[in-house]
Structure formats: C-alpha cells, structure tokens
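Please keep the sequence and the structure in view while working through them.

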Amino acid sequence: MTYFRKRFSIISAIFEALIKPPETVDYPKGALMLPEGFRGALLFDTDQCIGCGLCVRNCPADALHMEKKSRDEYKLIHYPARCAYCGQCEDNCRHGAIYHSNQLVKPTDNPAGLIVVLKEKKEA
Ligand code: SF4
Ligand code: SF4
C-alpha cells in the first residue's frame, strides 16, 4: 500500500510540475518585476544631502567616500563596484538623501561609471 501511495505522489508531483507556470522569470526577454523593498540601484537626492558624512562612516564596504574641505565645500562619491547594496546608508541618512530603488544595477563597460559623484558642493 505504501508503495502505491509513494508512486501516486510522485506521479501527481510530475503532473503538477508540468501544469503549473514556471516559478522563474523570463528576464531579459520579459519584464522583470522586482518586489517593493528590493535593495537595488541607489538613488540620491542632492537637495536633501547636508554633507554630514554619516553614510560614509557607516558603510561596511567602503563604497562611499567624502572629500570635505568645509561645511560648504565637499564631494560625496559612490563606488558602485564596491557596494554591497546593504541598505545601511539609507537607514543612516536622517535626511532621506540616499535610498534604494527596486531597479537592478546595470552593468557598465565604462570605467567612469565605477565612480559616481553623488554631490559636489562648492563654496559660493
Ligand atoms: S547622504 Fe545623508 S548621511 Fe550621507 S552625507 Fe548626505 S545627508 Fe549625510
Ligand atoms: S548600500 Fe551599503 S555598501 Fe552600498 S553604499 Fe550604502 S552602506 Fe555602502
């Protein structure tokens, strides 16, 4: 009896697998719908950034760097190739200046794309 039950469960599993739609996505042929909260490419709101450097200090991957001369003169740089897309910078930024989108990070063959100046503030 156990033998038949096992056989039946295997056959029903095979039929189920044949009938149900694939669990994987058809990307890049089809649209890729990433869920809300997916930690994808970083977005930056230049107007919100005050240059506090908190994101730089807490980045575990050394993917953010700040060249700071004064409060009114600084440059915030992101190195996407080092970034772990961990969300730490978003969590730490009290001004909502840096945050994740739910978009995939696009590859680049342009070396300039490996250094992204997020904000450059110069003294007026
Ligand atoms: S992005 Fe946010 S945490 Fe980073 S320097 Fe700007 S204000 Fe500070
Ligand atoms: S997502 Fe993580 S690794 Fe990338 S810059 Fe922010 S804190 Fe650094």
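**Notes on the predicted model**

1. Three strands form an open sheet in the order E2-E3-E5, with antiparallel pairing. Strands here are DSSP runs labelled E of at least two residues, helices are runs of H or I of at least four residues, and both are numbered from the N terminus. Two strands are taken as paired if DSSP finds at least two bridges between them. E2 and strand E5 (116-121) are the edge strands, each pairing on one side only. From one strand to the next the twist averages 10°, where axes are lines fitted to C-alpha atoms and angles run from 0 to 180 degrees between N-to-C directions.

2. Residues are numbered from 1 along each chain as its sequence is written, while chains are lettered from A and ligands numbered from 1 in the order in which they are written.

3. Strand E2 (residues 64-70) and E3 run antiparallel and are joined by six bridges. The hairpin from E2 to E3 passes through two residues, and Ser 70 has Glu 73 in E3 as its bridge partner. On the other pairing, five bridges join E3 to E5, again antiparallel, and His 78 stands opposite Val 116 in E5.

4. The protein chain has three helices and five strands, arranged from the N terminus as α-β-α-β-β-α-β-β. Its radius of gyration is 23 Å, well over the 14 Å that the globule rule gives for 124 residues, so the chain is more spread out than a compact globule. The radius is taken over C-alpha atoms, and the rule is 2.2 Å times the number of residues to the power 0.38. The C-alpha trace spans about 85 × 30 × 20 Å along its principal axes. Buried residues make up 11% of the 124 residues.

5. Of the contacts in the protein chain with a separation of 6 or more, 69% are between residues 24 or more positions apart. Contact means that the two C-beta atoms, placed from the backbone, lie within 7 Å.

6. The shell of ligand 2 includes Cys 59, Pro 60, Cys 83, Tyr 85, Gly 87 and Cys 89. A residue belongs to such a shell if its C-beta atom, placed from the backbone, lies within 6 Å of the molecule. This shell divides into 10 nonpolar, two polar and no charged residues. Ala, Val, Leu, Ile, Met, Phe, Trp, Tyr, Cys and Pro count as nonpolar, Asp, Glu, Lys and Arg as charged, and the others, Gly among them, as polar.

7. Around ligand 1 there are 13 residues, of which Cys 49, Cys 52, Cys 55, Cys 93 and Ala 97 come nearest. They divide into nine nonpolar, four polar and no charged.

8. Gly 87 lies in the loop between strand E3 (73-78) and helix H3 (88-92). Gly 87 counts as partly exposed because it has 13 C-beta neighbours inside 10 Å. Leaving aside residues up to four places away in sequence, Gly 87 touches Arg 39 and His 100. Gly 87 and His 100 are 13 residues apart in sequence, and their C-alpha atoms are 7.1 Å apart.

9. Two residues deserve a check of their backbone angles. Most residues other than glycine have a negative phi. Tyr 85, in the loop between E3 and H3, has a positive phi of about 50°. Asp 62, in the loop between helix H2 (54-58) and E2, has a positive phi of about 55°. Asp 62 is exposed, with 10 other C-beta atoms within 10 Å, whereas Tyr 85 is partly exposed, with 17 such neighbours.

Definitions and conventions: This is a predicted model: local features need pLDDT of at least 70, side-chain atom pairs count only at pLDDT 80 or more; totals for chains, interfaces and linings use all residues. A residue is buried if 20 or more other C-beta atoms lie within 10 Å of its own, exposed if 12 or fewer, and partly exposed in between; C-beta atoms are placed from the backbone.
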